[in-house]
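Welcome! Let's take a friendly walk through a protein model, looking at its aromatic rings and at one of its helices.

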Amino acid sequence: MPAREAPQPPYVLLYEEAAPGMEPLLISVDDRPSLPLFDSAAKAQAFLDSTDFGPDWKPVEVSGAGLLVALETCRGKAEYVALDPPPAGGGGMRVEMGRLEELIEALQTGRDETDLFGLGGLERN
């Protein structure tokens, strides 16, 4: 399996409202609750445009610290991070997944952000 680098800043999450305390959108990937994480607002918008989540959801660029806060908010609700999920309806598309806890640990310890999940932590779904 070819290794893929984790997304570089900026990090883009999907929010219904970009305000303190708001939770980012969670999706289900193969029945696994996951936080979609994008490396560009354009990819995030293309994903949103393909769904019926409603018009209030918007891509929001967050810093590494903001991503850490969002990840910690999702603890217990999602176990995975879906990296750049493709627009819905693509049928049979693969979504690269990483464990939410591994990303939290990487951000907390200041590990090199080019390999947030580590070589062994990246899963393909």
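## Before we start

Two parts are in contact when they have heavy atoms within 4.5 Å. Please keep in mind that this is a predicted model.

## One face of a helix

Let's begin with helix α3, which covers residues 100-109. Which of its residues are buried? They are Leu100, Leu103, Ile104, Ala106 and Leu107. Looking down the axis of α3, you would find these buried residues within an arc of 165 degrees, so they line one face of the helix.

What do the buried residues of α3 pack against? Their partners are β3 (32-37), α2 (64-74), β5 (80-83) and β6 (96-99).

## A cluster of rings

Now for the aromatic rings. The model has two aromatic pairs. In one of them, phenylalanine 38 and phenylalanine 47 have ring centres 5.6 Å apart and planes at 45 degrees, so this pair is tilted. In the other, the ring centres of phenylalanine 47 and phenylalanine 53 are 6.2 Å apart with planes at 40 degrees, so this pair is tilted too. Together, the ring pairs link Phe38, Phe47 and Phe53 into a cluster.

Are these residues buried or exposed? Phenylalanine 38 is buried, at 0% relative accessible area, and phenylalanine 47 also counts as buried, at 6%. Phenylalanine 53 is partly exposed, at 33%.

## A charge over a ring

Finally, have a look at tyrosine 80. Arginine 32 lies over the face of this tyrosine, 4.7 Å from the ring centre.

Notes:
Residues numbered from 1 in each chain as written. Predicted model: local features only at pLDDT ≥ 70, side-chain atom pairs only at ≥ 80, totals over all residues. Heavy atoms only, no water. Phe/Tyr/Trp six-rings, centres within 6.5 Å; stacked < 30°, edge-to-face > 60°. Buried < 20%, exposed > 50% of the residue type's maximum accessible area, 1.4 Å probe, protein only. Lys NZ or Arg CZ within 6 Å of the ring centre and 35° of its normal. Helix = DSSP H or I, 4+ residues; strand = E, 2+ residues; numbered from the N terminus. Arc of directions from axis to C-beta.
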